[in-house]
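Trainee: Please take a close look with me at the aromatic rings in this one, and at what surrounds them. I'd like the whole story in one go.

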Amino acid sequence: MSFSSEDHRFMARALQLARRGLYTTDPNPRVGCVLVREGEIVGEGWHRRAGEPHAERIALQAAGARAQGATAYVTLEPCSHHGRTPPCADALVEAGVARVVAASVDPNPMVSGRGLARLRAAGIQVESGLLEAAARQLNPGFFKRMSEGRPWVRIKLAMSLDGRTAMADGESRWITGDAARRDVHRLRARSSAIVTGIGTVLADDPSLNVRLPPEALPGVDAAASLRQPARVVLDSGLRIPEDAKLLSPPADAWVFHSHGDSEKAKRLADRGVRLVRLEGGIDLPRVMGALAEAEVNEVLIEAGPTLAGAALAGGVVDELIFYMAPHLMGHRARGLFHLPEIERMADRVPLRIEDVRAVGADWRITARPAS
């Protein structure tokens with residue numbers, strides 16, 4: 001299918017708008033819409049928050065009567081079912097748009113192809129696939145959850161130039177500088193859940209929350225209430241202290257365990273902690289499947305080398321983000337991953353570097369498993 005330079009320009013604008021919802025739309029996808037009539041933008045919008053109007057309806061409201069005969073550029077197939085809001089496909093039909101260009105078909109089985117079919121049935125010219133890769137990249141967790149029943153999983157690691165994450169005694173504050181730590185908070189803010197291990201909780205008692213003002217997040221209004229990601233602890237023996245910071249209200253806290261004190265479990269549950277018992281031990285694919293069932297799109301793992309190694313070896317990792325500081329910590333300091341099965345060069349874990357950029361005095365390296 002051939003698209004014009006104008007098509008590309010207007011879809012790029014729709015993607016730019018969609019990105020404004022990066023930190024606020026969860027568990028919904030980030031979607032933008034631009035309405036164009038005779039080469040002029042007559043309405044535009046983006047989805048801000050679950051339960052609020054979708055991008056198409058906001059753009060249609062802005063356009064008013066000018067939507068008649070317009071082309072709608074939307075980054076995801078318009079919905080065709082009643083969810084938290086009415087179907088957007090119907091709204092486009094009622095507004096009398098002449099053409100709809102969608103970046104991607106919606107992977108949601110409740111929608112997939114039905115929205116576009118509804119538009120075609122109404123006599124609207126429909127095309128899809130324009131800048132599809134960029135649209136999918138904006139919503140990796142939504143696409144993976146809908147198609148595979150798993151969230152998109154990132155591991156965040158801070159390290160020295162020689163690949164060390166903490167001194168031999170566990171001291172690790174701070175490896176990287178202020179700019180890198182602010183960048184980590186933006187990663188947390190876009191995540192649906194942060195996963196850590198009980199070892200990290202016992203050693204550091206982390207809060208694992210977003211500690212940035214809303215205005216520090218692009219597209220988020222200064223007066224907005226900031227959405228905090230769920231905090232998830234993998235704790236097979238239920239050793240978590242009941243006064244752990246990440247269990248503090250109003251945290252949405254989960255604890256996955258396989259055994260432990262039943263009275264303690266009851267006390268935690270009475271406080272609103274979501275306890276998930278996995279018979280036979282903590283199995284990472286099962287954990288990720290359970291989170292996906294709870295509409296978790298993007299997971300950020302912040303943990304020590306044992307859990308990081310298990311996640312990588314277990315095949316649940318989609319993306320790795322390394323923050324590398326320009327200093328050396330020496331051979332006695334702790335490493336990034338515990339991967340005892342790697343004994344030969346042939347056993348190495350190949351990675352594909354996606355991006356390298358400076359963040360303050362440090363470097364951020366984004367990679368994906370090459371397989």
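**Rings and their surroundings**

Mentor: Let's start with Arg 48, which lies over the face of Trp 46, 3.9 Å from the ring centre. (For a charge to sit over a ring, NZ of Lys or CZ of Arg has to be within 6 Å of the ring centre and within 35 degrees of the ring normal.) Arg 181 does likewise with Trp 174, at 4.4 Å from the ring centre.

Some ground rules: this is a predicted model, where local features need pLDDT of at least 70 and side-chain atom pairs count only at pLDDT 80 or more, while totals for chains, interfaces and linings use all residues. Residues are numbered from 1 along each chain as its sequence is written, and side-chain values use heavy atoms, with hydrogens and water left out.

Now for ring against ring. There are three aromatic pairs in the structure (Phe, Tyr and Trp rings, the last by its six-membered ring, pair if their centres lie within 6.5 Å; planes under 30 degrees apart are stacked, over 60 edge-to-face, the rest tilted). Take Phe 10 and Tyr 73: with ring centres 5.5 Å apart and planes at 40°, the pair is tilted. Phe 10 belongs to helix H1 (residues 5–18) and Tyr 73 to strand S3 (residues 71–74), so this pair ties together parts 63 residues apart in sequence. (Helices, H or I with at least four residues, and strands, E with at least two, are DSSP runs numbered from the N terminus.) Phe 10 has 2% relative accessibility and counts as buried, and Tyr 73, at 3%, counts as buried too (buried is under 20% relative accessible area, exposed over 50%, partly exposed in between, with a 1.4 Å probe and protein chains only).

Then there's Trp 254 with Phe 256: the centres are 5.8 Å apart and the planes at 10°, so this pair is stacked. Both Trp 254 and Phe 256 are buried.

What does Phe 256 face in the neighbouring strand? Its bridge partner is Leu 234, with Phe 256 sitting in S9. Strand S9 (residues 253–257) runs parallel to S8, joined by four bridges (strands pair if DSSP finds at least two bridges between them). S8 also has strand S7 (residues 193–197) as a parallel partner, over five bridges. There, Ile 194 has Arg 231 of S8 as its bridge partner.

How enclosed is S8? Five of the five residues of strand S8 (residues 230–234) are buried, so the strand is largely enclosed by the rest of the structure. Side chains in a regular strand alternate between the two faces of the sheet. Here both faces are covered, with Ala 230, Val 232 and Leu 234 buried on one side and Arg 231 and Val 233 buried on the other.

S3 is part of an open sheet of five strands, ordered S2-S1-S3-S4-S5, with mixed pairing. Its edges are strand S2 (40–46) and strand S5 (125–128), each pairing on one side only. From one strand to the next the twist averages 15°. At the S5 end, strand S4 (residues 99–102) and S5 pair in the parallel sense over four bridges, and Val 100 has Val 126 in S5 as its bridge partner.

Some helices pack together as well. Helix H2 (residues 55–63) packs against helix H3 (residues 88–95) at about 20°, with the axes 9 Å apart (axes are lines fitted to C-alpha atoms, for helices over the stretch in contact, and angles run from 0 to 180 degrees between N-to-C directions). That makes H2 roughly parallel to H3 (under 35 degrees; over 145 is roughly antiparallel, 65 to 115 roughly perpendicular, the rest oblique). H3 and helix H4 (residues 114–121) also pack at an angle of about 20° with axes 9 Å apart, and are therefore roughly parallel to each other.
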